[in-house]
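These are my notebook entries on one model. I went through it piece by piece and wrote down what I looked up.

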Amino acid sequence: MKKKILLKIFIAIAFLMIIYACVSYVYLQNKLTVDMASPTKTVNTLGVLVVPALLIVGLFHLLLLIRVLKTISPNFFHSLYIVSLTLSGVLLLSDIMLLSDIGKEYLLWDITSQWHLLYGFTAFHIVNMLIGVIYLIKNPSSGEKLFTGSKKSNEALFISLHNISFICGLLGLAGVILSFTGLIIPGRYSIQLMIAATFLALFPFVLIAIYWITRMSKKRIKDWTDEKQLSDSGYGAMLCLAVLLPVFIIISIISLLGSGVVSLPAHFWMLYLPASFWMLLLFFLTLTIYGLTIILRNR
Amino acid sequence: MELKNNIRKLRFENSEMSQQELADRIGVSRMTIYSIEKGKYVPSTVLALKISKVFGIAVEEIFTLTDI
């Protein structure tokens, strides 16, 4: 009972903090203009206090993640929420960095896009927190420990791991292709965007993979999967090989054409494939195909 | 050739055993039992023998090869 009351208080505080952050952003956006040569004391205090507020929101994200992992389910939307919640947690750090950049740059150039990004991220945090509260209400604590799950939850975790592999693979593919083609930001920033997209797409997968390995580490490696899961993994690997080999051959031919062996007109710029692009492309393609195979074989 | 089985029937005859219970007794996942029952997955000899041991009957009484 006491735990439940404490949880309710914590939820209320976390929501108050995100509302405080929102109100501060609106206030700061109105105040931080070229007319203000240096930030006033109020502006500075508001800005500084946003950091602990966001840290409390981060702690709430962590609490939600622990609950979601303790009540893990093979449901695809459950896995999608794990990815979304993890990304929202990581983006809290970006909020702090963006605020710091805004404070340094508002006198130098237009920072409207940074504010838009900040509002977008905040909306994403709020959506995740609201889903989290609904989740907490619908899924009371299962009594399971985080690192010693039952056989049933181990099976759910195995499927969840591959759901997340598929989701992160798709996110990574989208990020890498969008950065390479320069569709969302100018081409000169493509490497930076590719690194950011790779980090964000990989983070949830690495997190859940480490969690799975940690939970399984008490068992012998041959007991980590049962024979059907092993057979599914074999199918996944075979399909990856079947898809990746032709893709690899195509990329090799394109790279050869773009390497100067054959001189090509300038508008064939897409043929100059940097290794950073195609390596990440193949990597995320592997994650996607492998995850999808396991999902389809466990329907 | 197709491998048919009557695990589902045997489970119900054995105190309506759930897929999870059977899975726990032979150390596999519930999805493995589900897939075997549906004919989507052909178990190894070891697994087939474990299943027969749970029901206390011969493997041939659980699994049968049929011509399609």
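I call a residue buried if 20 or more other C-beta atoms lie within 10 Å of its own, with C-beta atoms placed from the backbone. I kept in mind throughout that this is a predicted model.

**Entry: helix α4 of chain A**

With that cut-off I went to α4(A). I listed its buried residues: L118(A), T122(A), H125(A), N128(A), M129(A) and G132(A). What do these buried residues pack against? I found α1 (2–31), α2 (41–70) and α3 of chain A.

Then I checked the length of α4(A). The helix covers residues 112–138, 27 residues in total. From its first C-alpha to its last it reaches 39 Å. At 1.5 Å a residue I would expect 39 Å, so the span is close to expectation.

**Entry: domains of chain A**

Next I looked up the domain assignment. For chain A it gives domain 1 as 1–143 and domain 2 as 149–299. I took the domain centres over C-alpha atoms and got a separation of 29 Å.

How many residues are in contact across the two domains? I noted 13 from domain 1 of chain A and 15 from domain 2 of chain A. On the domain 1 side, helix α3 (residues 76–105) of chain A has the largest share, with nine residues. I also sorted that side of domain 1 by class: nine residues are nonpolar, four are polar and none is charged.

**Entry: where chain B touches chain A**

I turned to the contacts between the chains. Here 11 residues of chain B meet eight residues of chain A. Which elements of chain B each supply at least two residues to its side? They are α2 (19–26) and α3 (30–37) of chain B. The most comes from α3(B), which gives four residues. By class, I put the chain B side at four nonpolar, five polar and two charged residues.

**Entry: chain B as a whole**

I counted five helices and two strands in chain B. Read from the N terminus, the order is β-α-α-α-α-α-β.

I then asked about overall size. The C-alpha atoms of chain B fill a box of roughly 30 × 20 × 20 Å along the principal axes. The radius of gyration is 11 Å, and this agrees with a compact globule, because 68 residues in such a globule would give a value near 11 Å.

Two last look-ups concerned packing. Buried residues account for 22% of the 68 in chain B. I also took the contacts in chain B between residues at least 6 apart in sequence, and 56% of them join residues at least 24 apart.

Note on methods. Residues numbered from 1 in each chain as written. Chains lettered and ligands numbered in written order. Predicted model: local features only at pLDDT ≥ 70, side-chain atom pairs only at ≥ 80, totals over all residues. Domains from an automatic or database assignment. Contact = placed C-beta atoms within 7 Å. Nonpolar A, V, L, I, M, F, W, Y, C, P; charged D, E, K, R; others polar. Rg over C-alpha atoms; globule rule 2.2 N^0.38 Å. Buried ≥ 20, exposed ≤ 12 C-beta atoms within 10 Å, placed from the backbone.
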